[in-house]
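Me: I would like to learn how to read a few local features of a model, beginning with the packing of helices. Could you take me through them one at a time?

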Amino acid sequence: MSTRTPAPPRPSARRRATFTAVLLVLTALLFWVPWAGLLAPSARWPWPVQVVGTAFFAVASVAFPLLLVRAHGRRHSDRASRAAHAMLGVAWVFFAWTLITDVLRLVLAVAGVDNPFRSRLVAVLLLVIGTALVAYGVHEARRVPRVKRVDVALPRLDAAFDGLTVAVLADTHYGAIDRTAWSRATVEAVNALGADVVVHVGDIADGTVEQRRGQAAPLGDVRAPHRFYVSGNHEYLGNAQAWLDHMTGLGWTSLHNQHRVLERGGKRLVFAGVDDVTAAHSGEPGHAADLDAALSGTRTDDPVVLLAHQPSEIGKAVAAGVDLQLSGHTHGGQIWPFHLLVRLQQPVLAGLSRHGERTRLYTSRGAGFWGPPLRVFAPSEISLLTLRAA
């Protein structure tokens with residue numbers, strides 16, 4: 001009888017093993033670092049406090065990865081998603097502030113403050129700060145975004161377009177929490193601006209059109225002479241082409257590596273849009289960021305406003321001579337100090353920046369939130385840009 005050499009593990013199996021290992025390590029850090037800050041043995045809490053508190057963290061650290069897998073696995077459970085993401089947001093806040101209050105713990109130790117008073121003082125302070133920031137973060141995430149007004153001078157913009165207003169929406173992220181009422185109120189806030197152009201620069205929703213149709217429906221009520229939309233990376237987790245078609249059905253112009261020309265008095269201003277950079281690996285036929293295709297047919301002297309979901313595309317925009325790129329994606333970090341990790345991937349966190357000789361980049365902090373329903377020191381925004389001829 002011949003023996004068969006066992007086949008090497010399939011790549012998908014290796015990916016699952018890697019994902020599981022990373023998830024368990026992150027879970028351990030997110031839950032047991034705060035445990036050490038709140039319930040350190042040096043605090044000598046009464047035994048009922050220690051036992052109940054430790055049991056709480058143990059249950060949470062087991063439930064979290066199970067809920068996360070259920071939320072993002074084959075079942076795509078919205079109920080599990082709401083629970084897992086809420087736990088993630090709270091855990092992140094307490095994890096970050098445990099590390100920060102550990103500095104105070106060290107200062108108190110150097111100052112000669114003994115345990116258990118030292119550890120109890122730090123634990124109480126951590127509990128108060130963490131609870132307050134979670135409450136503040138939930139409020140900021142659920143509120144209608146504030147309007148941020150910015151003048152943007154473009155050297156090649158003709159005087160005919162001086163004063164043109166562009167309202168920027170980004171990262172609405174309709175998801176497991178039903179935010180239909182929020183969506184209506186946000187659209188009302190956009191309409192109150194009376195913008196000449198409204199753009200949505202991607203990440204409409206987490207899920208398919210069928211799942212989030214009701215929450216996205218108010219986007220059909222946006223009033224403006226011109227409405228442009230491009231895909232974000234999250235559309236490619238829920239059929240981006242369906243979202244492009246749906247937005248077209250709502251009356252928007254979906255810029256799938258395309259452009260449109262605005263004309264005033266014989267002068268031109270181009271609005272172009274590209275697929276998200278992740279589209280090339282999404283498996284959706286015909287999807288990939290293609291700036292050359294988006295600009296094909298434009299004139300060399302046309303000022304160009306480019307819609308690209310991620311700020312990381314600014315290098316290509318500079319090389320192509322784009323005048324202004326509009327992006328989102330970063331959420332401004334969403335939950336401080338996560339912005340430090342965002343800056344490892346993106347050149348800009350938020351706001352207006354200059355790149356090269358003439359290219360400007362405006363990065364919106366976004367209107368909604370991804371995952372944890374919190375925004376801490378990264379307020380949401382609807383941006384109203386007024387273009388100025390320099």
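Reply: Let us start with terms: helices (H or I, at least four residues) and strands (E, at least two) are DSSP runs, numbered from the N terminus, while axes are lines fitted to C-alpha atoms, for helices over the stretch in contact, with angles running from 0 to 180 degrees between N-to-C directions. This is a predicted model, in which local features need pLDDT of at least 70 and side-chain atom pairs count only at pLDDT 80 or more, whereas totals for chains, interfaces and linings use all residues. Residues are numbered from 1 along each chain as its sequence is written, and side-chain values use heavy atoms, with hydrogens and water left out.

Me: At what angle do helix H3 and helix H4 pack, and how far apart are their axes?

Reply: Two packed helices are described by the angle between their axes and the distance between the axes. Here H3 (residues 78-110) and H4 (residues 117-142) pack at about 150 degrees, with axes 9 Å apart. The contact (heavy atoms within 4.5 Å) includes Phe 94, Trp 97 and Leu 104 of H3 and Leu 125, Ile 129 and Leu 133 of H4.

Me: Which residues of helix H7 are buried?

Reply: Buried means under 20% relative accessible area, exposed over 50%, and partly exposed in between, with a 1.4 Å probe and protein chains only. In H7 (residues 240-249) the buried residues are Ala 240, Trp 243, Leu 244, His 246 and Met 247. Because they cover an arc of only 165 degrees around the axis, they lie on the same side of H7, the arc being that of the directions from the helix axis to the C-beta atoms. These buried residues pack against helix H6 (209-216), strand S4 (226-229) and strand S5 (253-254).

Me: What is found at the start of H7, and which residue just after H7 takes a positive phi?

Reply: A polar contact is a pair of N or O atoms within 3.5 Å; within protein, one must be able to donate a hydrogen and the other to accept it, and residues adjacent in sequence count only if both atoms are side-chain atoms. At the start of H7, a side-chain oxygen of Asn 239 comes within 3.3 Å of the backbone nitrogen of Gln 241, and just after H7, Gly 251 has a positive phi of about 100 degrees.

Me: Where is Ser 77, and is Ser 77 buried or exposed?

Reply: Ser 77 sits in the loop between helix H2 (47-72) and H3, and its relative accessibility of 16% makes Ser 77 buried. A polar atom of the Ser 77 side chain lies 3.4 Å from the backbone nitrogen of Arg 79.
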